[in-house]
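Q: Please take a close look at one part of this structure. Which contacts and rings are found there?

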Amino acid sequence: MSLLGRIIVIFFALMVASLAAAAAVALAVLGHGGYVFGGSPGGHVAFMMVTFVGATFIGTVGLLPLAILIAVAEAAKIRALLAYAVAGAVLLLVGYHMSGFAPPSYEESIDYPPPPISRASEIAAASGVVFGFAYWALAGRNAGRWRERRLPSA
């Protein structure tokens with residue numbers, strides 16, 4: 001596969017991985033009950049709207065770090081699923097907290113202590129794992145193969 005073909009595969013994988021991660025966010029935010037998968041058209045519209053907003057957010061927040069991580073993975077021929085899952089979780093978790101959307105880490109209550117990790121952070125990390133897995137399935141498992149020399153078959 002040539003470099004141009006690899007770039008097209010990477011771009012397609014990024015779009016699909018962003019949609020998969022955004023669908024994970026939408027399921028976490030809206031719930032997995034009958035509201036999303038029921039017969040209600042309003043539930044489907046809400047799911048699609050949250051997915052679209054989530055995919056846009058993931059694509060814009062992570063564009064430069066994703067380009068750097070992909071270049072490193074392609075150059076080092078990193079093909080491990082765990083590496084992509086951890087990188088996706090860290091990338092989306094850091095992107096969420098650095099974007100300014102994260103609420104303060106404290107919660108004012110005298111009844112119970114605040115949780116050590118907020119639900120929003122858990123959702124960001126989980127959607128990052130989904131992002132990493134989807135990217136690995138489409139493009140990451142062949143990272144660096146475009147540079148390998150193939151022998152012509154006789």
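A: A polar contact is a pair of N or O atoms within 3.5 Å; within protein, one must be able to donate a hydrogen and the other to accept it, and residues adjacent in sequence count only if both atoms are side-chain atoms. This is a predicted model: local features need pLDDT of at least 70, side-chain atom pairs count only at pLDDT 80 or more, and totals for chains, interfaces and linings use all residues. Residues are numbered from 1 along each chain as its sequence is written, and side-chain values use heavy atoms, without hydrogens or water.

Start with Ser121. It sits in helix H6 (helices are DSSP runs of H or I, at least four residues, numbered from the N terminus). Helix H6 covers residues 119–138. The side chain of Ser121 makes a polar contact of 2.8 Å with that of His97. Beyond its neighbours within four places in sequence, Ser121 touches Leu93, Tyr96 and His97 (contact means heavy atoms within 4.5 Å). Ser121 is buried, at 8% relative accessible area (buried is under 20%, exposed over 50%, partly exposed in between, with a 1.4 Å probe and protein chains only).

Now the rings. The structure has two aromatic pairs (rings of Phe, Tyr and Trp, its six-membered ring, with centres within 6.5 Å; planes under 30 degrees apart are stacked, over 60 edge-to-face, the rest tilted). In one of them, the ring centres of Tyr84 and Tyr135 lie 5.8 Å apart with planes at 40°, so this pair is tilted. Tyr84 belongs to helix H5 (residues 81–98) and Tyr135 to helix H6. Tyr84 is buried, at 11%. Tyr135 is buried too, at 4%.

Conventions
Helices (H or I, at least four residues) and strands (E, at least two) are DSSP runs, numbered from the N terminus.
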